[in-house]
Amino acid sequence: MPSPRIFIIRHGETTWSLSGKHTSTTNIPLTPSGEKRVLATGRALVGNDRLIVPSKLSHIYVSPRLRAQRTLELLNIAYKSNTPGLPPAKEGGLPCEAEVEITEDIREWDYGEYEGITSLEINRIRKEKGLNGGRKWDIWRDGCPGGESPADITARLDRLINEIKEKWHRPVMEGENKGEESEQKGDVLIVAHGHILRAFAQRWAGKELHDGPTFLLEAGGVGTLSYEHHNIDEPAILLGGAFVVGHD
């Protein structure tokens with residue numbers, strides 16, 4: 001029986017992600033190109049014989065930011081949710097019994113004073129203030145003044161990771177029905193933002209944020225996390241996930 005997975009999806013392109021401006025609390029809509037690319041992602045990767053099978057999702061977490069919620073809406077998943085403010089799932093979408101939860105735990109890293117500016121500008125500002133002894137700014141080490149530190153991010157992501165393992169994955173991997181593959185759920189979908197999802201993957205793999213993730217997640221991109229040896233104590237990054245093949 002395959003181990004349950006977490007699919008992490010970064011919201012589609014915005015004008016700020018395109019220009020390299022750091023976007024956390026500011027609500028920026030997707031560009032027309034960003035919407036088209038998310039729609040294409042949904043067609044390619046979401047379906048009963050695709051990487052993400054809606055009927056196998058147990059839960060969906062989404063950031064409070066509108067760009068993430070719009071991305072979820074475009075994936076053509078007929079999710080169940082009465083969450084105020086969340087757009088209703090499109091009619092005719094792929095059937096899915098999972099509820100959607102909007103959570104602050106997966107909002108983007110709070111950039112504080114660096115909101116809306118690029119890394120080039122941040123390094124210029126820090127040089128003028130004599131910070132870091134001439135070293136370039138590294139969010140994984142330095143955090144953001146007026147925003148969140150790596151320790152802040154670690155605390156909220158570890159809380160979410162523990163919830164996913166205990167609430168959605170352990171019952172599937174160790175419960176009474178663990179051998180019943182055909183109708184087995186347990187997969188989790190997270191729709192959020194670049195830095196926070198990269199940090200999520202880093203913590204999932206048990207690495208400290210100051211080690212600095214060397215992997216990237218493009219706007220509208222999809223990543224997959226799971227377990228080695230079907231063991232909940234061995235979380236791993238799934239470098240290449242296979243599409244599902246039906247049994248009928």
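Predicted model: local features only at pLDDT ≥ 70, side-chain atom pairs only at ≥ 80, totals over all residues.

Reader: How many disulfides does a search of the whole structure find?

Author: The search returns zero disulfides.

Reader: In what order do the strands of the sheet lie?

Author: The general idea comes before the case. Strands of a sheet pair through backbone hydrogen bonds, in either a parallel or an antiparallel manner. Here seven strands make an open sheet, ordered β3-β4-β2-β5-β1-β6-β7, with mixed pairing. The edges are taken by β3 (77-80) and β7 (235-237); each has a single partner strand, so one side of each has no neighbour in the sheet. On average, neighbouring strands of this sheet are turned by 30° against each other, direction ignored.

Reader: Which strands pair with β5, and through how many bridges?

Author: Strand β2 is joined to β5 (residues 187-192) by five bridges, and the two run parallel. β1 and β5 also pair in the parallel sense, over five bridges. Individual partners can be named. Leu57 has Asp187 as its bridge partner in β5, and Ile60 has Leu189. Phe7 stands opposite Leu189 in β5.

Reader: Which residues of β5 lie on each side of the strand?

Author: In a regular strand, side chains alternate between the two faces of the sheet. In β5, Asp187, Leu189 and Val191 lie on one side, while Val188, Ile190 and Ala192 lie on the other, and all are buried. The strand is accordingly described as mostly covered, with six of its six residues buried.

Reader: Which strands does helix α7 touch where it packs on the sheet?

Author: Helix α7 (residues 194-204) touches β1 (6-10), β5, β6 (222-227) and β7. The direction of α7 makes about 155° with that of β1.

Reader: Which residues touch the most other members of the largest nonpolar core?

Author: In soluble globular proteins, nonpolar side chains tend to be buried together. The largest nonpolar core here has 34 residues, and Ile6, Ile106, Ile190 and Phe200 touch the most other members. Two or more residues come from each of β1, α5 (139-142), α6 (150-174), β5, α7 and β6. The largest share, seven residues, is given by α6. Leaving out residues up to four places away in sequence, the contacts of Ile190 include Ile6, Phe7, Ile8, Ile9 and Phe200. There is also a second, separate core of 22 residues, which includes Ile52, Leu75, Cys96 and Val191.

Reader: Where is Ser63 placed, and is Ser63 buried or exposed?

Author: Ser63 is in the loop between β2 (57-62) and α3 (66-74). With a relative accessible area of 0%, Ser63 is buried. A polar atom of its side chain lies 3.1 Å from the backbone nitrogen of Arg65. Not counting residues up to four places away in sequence, Ser63 touches Ala68, Gln69, Ile102, Thr103, Ile106, Arg107, Val191, Ala192 and His193.

Reader: How many residues of α3 are buried, and what covers them?

Author: An α-helix has 3.6 residues a turn, so residues three or four places apart point the same way. In this model, α3 is mostly covered, with seven of its nine residues buried. These are Arg67, Ala68, Gln69, Thr71, Leu72, Glu73 and Leu74. The cover includes β1, α2 (32-45), β2, β3, β4 (94-102) and β5. After α3 comes Asn76, whose phi is positive, near 65°.

Key. Residues numbered from 1 in each chain as written. Heavy atoms only, no water. Helix = DSSP H or I, 4+ residues; strand = E, 2+ residues; numbered from the N terminus. Buried < 20%, exposed > 50% of the residue type's maximum accessible area, 1.4 Å probe, protein only. Polar contact = N/O pair within 3.5 Å; in protein donor to acceptor, adjacent residues only side chain to side chain. Contact = heavy atoms within 4.5 Å. Pairing = 2+ DSSP bridges. Axes fitted to C-alpha atoms, helices over the stretch in contact; angles between N-to-C directions. Core = buried A, V, L, I, M, F, W, Y, C linked by side-chain atoms within 4.5 Å. Disulfide = S-S within 2.5 Å.
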